[in-house]
Amino acid sequence: MYQKVKLTLCRPDNCDGTYEQYCDKSREYDNVTAIISAAGKTDLLSYMNEYWKDYQGDDESFWEHEWDKHGTCISTLEPGCYDNYSPQQEVVAYFQKAVDLFKTLDSYAFLAAKGITPSSTTTYSSASIMEALAAPRGVEVTIRCRNGELDEIWYFFNVRGSVETGEFVPTQPDGAKSNCPADVKYLPKTGTPPSTTVTSSTGTPPTGTSTPGSPFSGKGTLPVTS
């Protein structure tokens, strides 16, 4: 039995839990797979096919939705921010950054380091789960449950500079709070093991990260959900 984590989204918000959406109709695309393939990012596409899954089985539509709704609202990915802009290069940058961040957030290892592992019979306190997930980064996370089962983990960052090349600073959550009951089911999921596994309990920090900070009053934080 392997715990297979699903990559969900990477979106900017307004530091109060609200966020803009569908910010540029002219840059809404229906060919994300083709865009990434044309950029020669086969490794990125393979990883997305493995982990960035749509629960209804239509991964391409899910990726298009994430870019159209959230990616177009990241100000530093606007075409005018590039010196020598090539059409759709910001789309590739968005998905690459989301995947790069996701790879550093080994939620399974964070929890296992505190003795919290998937189980069909054991429940864990939501407080212990949040404490285990906060320990490697020094800031809290938001956990979301469905029917008493751990369903999502939200990590938050402030970004110094652009999303593509800036520093990602772990920060405290804003907006919606954890909705899990006092005792949470952390169920195992069947699947095949990934070809590579991060075994460190803290993970490897992404390039350009810094020490934890507090929410700022600028453009917004960047939550990453797993």
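This is a predicted model: local features need pLDDT of at least 70, side-chain atom pairs count only at pLDDT 80 or more; totals for chains, interfaces and linings use all residues.

Me: ok, what is Ala-132 in contact with, leaving aside its neighbours within four places in sequence?

Reply: Ala-132 touches Phe-110, Leu-111, Lys-114 and Ile-116.

Me: which helix does Ala-132 lie in?

Reply: Ala-132 belongs to helix α6. Helices here are DSSP runs of H or I with at least four residues, strands are E runs of at least two, and both are numbered from the N terminus.

Me: and is Ala-132 buried or exposed?

Reply: Ala-132 is buried, at a relative accessible area of 3%. Buried means under 20% relative accessible area, exposed means over 50%, and partly exposed is in between (1.4 Å probe, protein chains only).

Me: zooming out, how many helices and strands are in the protein?

Reply: The protein has 6 helices and 7 strands. Starting at the N terminus, the order is β-α-α-α-α-α-β-α-β-β-β-β-β.

Me: what percentage of the residues is buried?

Reply: Of the 226 residues in the protein, 43% are buried. The protein exposes about 11,300 Å², and carbon and sulfur atoms supply 47% of that. Those areas come from the Shrake-Rupley method with a 1.4 Å probe, and for residues only the protein chains shown count as cover.

Me: and the contacts between residues at least 6 apart, what share joins residues at least 24 apart?

Reply: That share is 76% in this protein.

Me: new topic, how many residues does the largest nonpolar core have?

Reply: The largest nonpolar core has 46 residues, and Trp-52, Phe-95 and Leu-133 have the most contacts inside it. Elements giving two or more residues to this core include α2 (42–51), α4 (89–104), α6 (126–134) and β4 (149–160). The largest share, 9 residues, comes from α4. By definition, such a core is a set of buried Ala, Val, Leu, Ile, Met, Phe, Trp, Tyr and Cys residues joined through side-chain atoms within 4.5 Å.

Me: what about salt bridges, how many does the structure hold?

Reply: The structure holds 5 salt bridges. The rule is a side-chain nitrogen of Lys or Arg within 4 Å of a carboxyl oxygen of Asp or Glu. In one of them, Glu-90 meets Arg-27 at 3.0 Å, N to O. Glu-90 sits in helix α4 and Arg-27 in the loop between β1 (9–10) and α1, so this pair ties together parts that are 63 residues apart in sequence. Both Glu-90 and Arg-27 are buried.

Me: how many aromatic pairs does the count come to?

Reply: It comes to 8 aromatic pairs. Rings of Phe, Tyr and Trp (its six-membered ring) pair if their centres lie within 6.5 Å; planes under 30 degrees apart are stacked, over 60 edge-to-face, and the rest tilted.

Me: why is the Tyr-47 and Phe-102 pair called edge-to-face?

Reply: Because their planes are at 70 degrees, with the ring centres 6.4 Å apart. Tyr-47 is in helix α2 and Phe-102 in helix α4, so the pair ties together parts that are 55 residues apart in sequence. Phe-102 is buried, at 7% relative accessibility. Phe-102 also pairs with Tyr-51, and with planes at 50 degrees that pair is tilted.

Me: last one, what lies over the face of Tyr-47?

Reply: Lys-103 does, at 4.5 Å from the ring centre. Arg-137 lies over the face of Phe-157, at 4.8 Å from the ring centre. A charge counts as over a ring if NZ of Lys or CZ of Arg is within 6 Å of the ring centre and within 35 degrees of the ring normal.

Notes
Residues are numbered from 1 along each chain as its sequence is written. Side-chain values use heavy atoms; hydrogens and water are left out. Contact means heavy atoms within 4.5 Å.
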